[in-house]
Amino acid sequence: MPSSPATGSAPPADGLLSATRRQVRALTHALSHPSHPPTPLWAEAPRRWQRLLPYAAVVLLCALFLPVTYQVLRTEYRLADGLAFLLALAQAGPLLMLAHRPLQAWWIIFGADVVGALVLLTASETVAGPWTPPAGPAPSLWPWTPPVLVAQLFVLLALGLRETRRTLLAVWLTTGLAGLLLTLVAPGRGNGGAVLLPVLGAVVLVITATVRERGETQRRLVEQETISEAERARRTLLEERTRIARELHDVVAHHMSVITVQADSAPYRIAGLPDEAREEFGTIAANARQSLTEMRLLLSVLRSENTAGERAPQPGLDRLGQLVETTVRAGLPAELSVTPEAAGAAARGGVPQPVDLSAYRIVQEALANVVRHAPGARTRVSVSADEDHLTVVVVNDRANEPVSPVESSAGTGHGLVGMRERVRLTGGTLDTGPLPDGGFRVAARLPLTLRHLSSDPLAPEDS
């Protein structure tokens, strides 16, 4: 009994034929559709001479290959002057398009090269006419003349810098197939020229692809570094704001605790209070305790898993002398100057605690930056005050010692970011920048009255 053919699956030959058709259609589409807009290479370069360089290169190529191609066709291949000039113009003129339309230039040059090979073949087989075979050996290369070979390599170089791999493969296969067909048409005339162009072209395309991929890798690396830097700056800002929020909790918690104690003890300290007043003080104490509980819950969200609560008192202006002394012992010549007005304001409690803490942290970070970036530089810290503002200035001279490469490259960017955030917390102003003599200056002006404090210190800055 004869067996019936299997159904439900296509023969392997049909699948292979279908895949081949798809690949041919893809290669044909790649040949007919450039993968980039008609913009020149390096069109986005920052300097004008860089943007003009591709145009200068193609003009130089055309000016070089046009007379050379004409001379070779007229002398070595013995074509008539008019025919040699037209053929040279068709083969070398489109080189001007390599700067912005390399694929279209290849189409014109490739067609002119094929026509030129057929013209040379017809001329060599013509007995009568103006052309006579030269004495001695036959022309060195066919179907591609030496100028055509070199010009095609430049065309492949331009394509390799702009087009996709599929397009490059289609161009390479088309060129090789055309040379093979011409060799089959005139097997006695071919002398290796049809093989030389695919071999040299493959070498050029491999080198160009390597250079292009290296450039693409470097470009992506720069983009990734830019993204990483932006993310690092954003993370630094968030970390500093979290730290300020924790310290702000300590400041507010102190005052809320005082309010709670005063409200709880008021009925015992003040005799003769009516029941309504006692009840009101009890309500105030309960609300204050509830606020402290909610603040601690919010603070637990801001703290990381490995961050322990800080139980030490927050520093202020009264500890600036100790901070400067520690810096001097570390090898940095620093001096502190506090005006009587500033010292008096700190002594009598005229400096709000957020301002007091921010001033200390700004001086601390400024001295740390001097130690890191200007070791050995003489540094002056001055604190002054008037009726409304506290001014903190840290100025350092040029570094007297070489900066360690590790210190110069390991900066995290927390310093100035933290200063700005603390100044914004108090509603003050910050001025930082280098000095003409090579030093650096940090000047912060902080308000001494609570009405100047920012209502939302952690809100994003206005753009």
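Val-211 counts as exposed because its relative accessibility is 51%, and exposed means over 50% relative accessible area, buried under 20%, partly exposed in between (1.4 Å probe, protein chains only). Val-211 sits in helix α7, residues 193–269. This is a predicted model: local features need pLDDT of at least 70, side-chain atom pairs count only at pLDDT 80 or more, and totals for chains, interfaces and linings use all residues. Residues are numbered from 1 along each chain as its sequence is written, and side-chain values use heavy atoms, with hydrogens and water left out.

**Surface patch**
- Val-211 belongs to a nonpolar surface patch with Val-195, Val-199, Val-203 and Ile-207.
- Together these residues have about 440 Å² of accessible area, from the Shrake-Rupley method with a 1.4 Å probe, where only the protein chains shown count as cover for residues.
- Patch members have over 30% relative accessible area and no salt bridge; like charges are joined within 9 Å, nonpolar side chains (Val, Leu, Ile, Met, Phe, Trp, Tyr) within 5 Å.
- A salt bridge here is a side-chain nitrogen of Lys or Arg within 4 Å of a carboxyl oxygen of Asp or Glu.

**Helix α6**
- Helices (H or I, at least four residues) and strands (E, at least two) are DSSP runs, numbered from the N terminus.
- Helix α6 covers residues 165–185, 21 residues in total.
- Its first and last C-alpha atoms are 30 Å apart, close to the 30 Å expected at 1.5 Å a residue; the expected span is 1.5 Å times one less than the number of residues.
- Buried residues of α6 include Thr-167, Leu-168, Val-171 and Leu-182.

**Nonpolar cores**
- A nonpolar core is a set of buried Ala, Val, Leu, Ile, Met, Phe, Trp, Tyr and Cys residues joined through side-chain atoms within 4.5 Å.
- The largest has 43 residues, of which Leu-95, Leu-98 and Leu-159 touch the most other members.
- Elements giving two or more residues to this core include α1 (12–32), α2 (48–75) and α5 (146–162).
- Helix α4 gives the most to this core, with nine residues.
- Beyond four places in sequence, Leu-95 touches Val-58, Leu-61, Cys-62, Phe-65, Ile-109, Ala-151 and Val-155; contact means heavy atoms within 4.5 Å.
- Another core, of 27 residues, lies apart from it, with Leu-367 and Met-419 among its members.

**Two further residues**
- Arg-101 lies in the loop between α3 (81–92) and α4 (102–125).
- Arg-101 counts as partly exposed because its relative accessibility is 33%.
- Arg-101 and Pro-40 are 61 residues apart in sequence and 7.9 Å apart in space, C-alpha to C-alpha.
- Thr-327, in helix α9 (residues 320–329), is buried at 9% relative accessible area.
- Leaving aside neighbours within four places in sequence, Thr-327 contacts Leu-332, Leu-367 and Val-371.
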